[in-house]
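Biologist: I would like to learn how to read a few features of a protein model. Could we take them one at a time?

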Amino acid sequence: MGVSTGSIFIIVFSTLAVLLVAVLISWWVGRKSTGSDWAVAGRSLPLYVIVGTQFATAQGGGFLTAHVGNGYAGGWSALTYGLFVAIGMWVICLIAKWMRSQEFSTIPDIMERLYGKNKTLTVISSFLTMVVPFGWVIGNLIAFGKLYSGLTGLSTTTLVLAFAVISLLLVLPAGLKSVAWADFFFGCLMGLICLATLYFLYDMGGGFGNVMAKVPDNLKSFPGGMASLGWGTVILWFMAVIPGSLTNQMYFQRIFAAKDINYVKMSLFLSGVVIIISEIWASLFGMGIRAMNPGLEREMATGWFLTQIPVWFLALYAGLIVSAIMSTVASGIQSVALNAVNDIYKKILNPGATENDMKHKSKIISVIVTFLAVAIALVYPRVLNVIVATYAFSAAGLMFPIFAGVLLRRKNLITAKSVIISMIVGFIVCFGAMLMETVIPYAIYGLAGSGIALIIACMIFKDDKKVAGNMG
C-alpha cells in the first residue's frame, strides 16, 4: 500500500485526535495538582482506573509487534507469555496490602522501611529501579518512530521528537494522577480497537472457521500450542518475565496509589486477567495473519496486515498504536522522575525539600529524562539490545532484597549491608553472564548470585542491628 498525501493526513488526524483527548484528560485531572498527586496520584485511584492503567502500561509497543509475532510463529505461545506477566502480578498480591498500608511511593521507600536509612542502599536501589522504566521509554520511542515512519513516510527524528513532547503533556499536569487517568482512556480504546481489528482480520479471511483451518495443528491446539515455540523458550520467558514483573516499580506505583486499601489485591488479579485476555487476542491475531501469509518474518506480521487494510481502518489502527506506546512512555518518564526527585534529591541532596519544591523539580527532571531518552533513541537505535538487559539487571538486583525483606520483616535477619552486597553481586554476575553470552539466560545467573550472596552476607553480618522503623 503506497502512502498518499490523503492517507498521511487521515492517519495523522486520527492520531492527533486520540492524543488530544488524552492530553485534555491529563490537564483536567491535573488542574489543581499536589505533590502527592505527582508521586502517588493522591492515593485516590479507583479500582477500574488501576486496572486500566496497569494494562496500558504493561503492554506498550511490543504488544503490537513482538506479541503478535509470538502468535504468528507460535500460536497460543503468546498466551504463555501473558500468563507469566499475570503470574508476576498475582505474586505481588502476597505483599500488596502491606505495601499500600505503609504509604510508600517508590521501591527505595520499601528498602528504607525494611533496612533503615542508608545512602548507599538508596542510591543502588534507585539505579536498579530506574533502568527499567528509562529503557521502556527509549524502546517505545524507537518503536513509535519506526512504525509511524513506515505508515506515513515522515522522518523518524521528527516523529520521535513530536511524540516525546506530547508525552510530556501527559506527565507534567499531575504526574502519576494525570498519567493514570490518560492510561485508563488508552486502555479502554485499546480494548475496543483490538476487538474491531480481530473481527476485520477474520472477516477478510472468510470467517473464523476458514482462517483457523489453515493454521498448523501444532499452533492452534490447546493447551499444547502454548509450548509450540519450544520448552526452552517457555523456560526462558518464565525466568525473565516473572522476576521482571516482581521488581517493576510502575506496577508497584499503582498499588501505592489505590484509593481503598481493601481492593489492591483485586486490582492486581483483574489486571492479570485483562493481560491474559489481551494475549489471547495477540495469539488469535497472529494465527490469523499466518493463515493468510505463512511466509513472513514473525516481527513483520503486523506490518503486513497494515498493508492489506483500507485507509479508514488504518486510521483506526493508528489509534491503537499510539495508545499502546504513549501509555508506556508517559508512565516511564513519570517513574524515573519520581525516583530522581523522591529518592536522590530529597533523601540525599536536600532532605528539607518542600512539597512545592519537589513538584517543581519533578517537572524539570521529566523534561531532562525525556530528551535524554530521545537523544539515545536517535543516536543509538541499537540500544534495544541493552534495554532488554535492563529488565534482567533490575530483577537480579532487587527481587530477593524486596521479597525476602517483606516476608521476613519481623525476623530481624537481614541488614542493609547484606542487601547492598546482594544487589551488587546480582548486578555484576548478571552483567558478566551477558558478556559471556551464556546459553542459560543471564538473568538466572544474576538471581542466583544475588540470592546466594544475600544468604552468605546475612550469616556474616548476623550480629548487626537494623535501624529500620516499624515493620508493620
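Modeller: Aspartate 183 and arginine 254 form a salt bridge, with the closest N and O atoms 3.6 Å apart. Aspartate 183 belongs to helix H9 (residues 176-204) and arginine 254 to helix H13 (residues 249-256), so this pair ties together parts that are 71 residues apart in sequence. Keep in mind that this is a predicted model.

Biologist: Are aspartate 183 and arginine 254 buried or exposed?

Modeller: Aspartate 183 is buried, at a relative accessible area of 0%. Arginine 254 is also buried, at 0%.

Biologist: How many salt bridges does the structure hold?

Modeller: The general idea is that side chains of opposite charge can pair when their charged atoms come close. The structure holds seven salt bridges. One of them joins aspartate 109 to lysine 347, with the closest N and O atoms 2.5 Å apart. Aspartate 109 is in helix H6 (residues 107-115) and lysine 347 is in helix H16, so the pair ties together parts that are 238 residues apart in sequence. Aspartate 109 counts as buried because its relative accessibility is 14%, below the 20% cut-off. Lysine 347, at 23%, counts as partly exposed.

Biologist: What separates lysine 220 and aspartate 217 in helix H11?

Modeller: An α-helix has 3.6 residues a turn, so residues three or four places apart point the same way. Lysine 220 and aspartate 217 are three residues apart in helix H11 (residues 217-220), which means about one helical turn separates them. They form a salt bridge, the closest N and O atoms being 3.7 Å apart. Lysine 220 is partly exposed at 26%, whereas aspartate 217 is exposed at 57%. Elsewhere, salt bridges with shared partners join Asp109, Glu112, Asp343 and Lys347 into one network.

Biologist: At roughly what angle do the axes of helix H8 and helix H16 cross?

Modeller: Two packed helices are described by the angle between their axes and the distance between the axes. The axes of H8 (residues 156-171) and H16 (residues 311-349) cross at roughly 65° and come within 9 Å. The crossing is right-handed. Residues making the contact include Phe163 and Leu170 of H8 and Ile325 and Val329 of H16. By class, this contact has 11 nonpolar, two polar and no charged residues.

Biologist: Which helices do the buried residues of H17 pack against?

Modeller: They pack against helix H2 (35-40), helix H7 (119-152), H8 and H16. Among the buried residues of H17 are Met358, Val369 and Ala373.

Conventions: Residues are numbered from 1 along each chain as its sequence is written. This is a predicted model: local features need pLDDT of at least 70, side-chain atom pairs count only at pLDDT 80 or more; totals for chains, interfaces and linings use all residues. Side-chain values use heavy atoms; hydrogens and water are left out. Axes are lines fitted to C-alpha atoms, for helices over the stretch in contact, and angles run from 0 to 180 degrees between N-to-C directions. Helices (H or I, at least four residues) and strands (E, at least two) are DSSP runs, numbered from the N terminus. A crossing is left-handed if the near helix is turned anticlockwise from the far one by less than a right angle, and right-handed if clockwise. Contact means heavy atoms within 4.5 Å. Ala, Val, Leu, Ile, Met, Phe, Trp, Tyr, Cys and Pro count as nonpolar, Asp, Glu, Lys and Arg as charged, and the others, Gly among them, as polar. Buried means under 20% relative accessible area, exposed over 50%, partly exposed in between (1.4 Å probe, protein chains only). A salt bridge is a side-chain nitrogen of Lys or Arg within 4 Å of a carboxyl oxygen of Asp or Glu.
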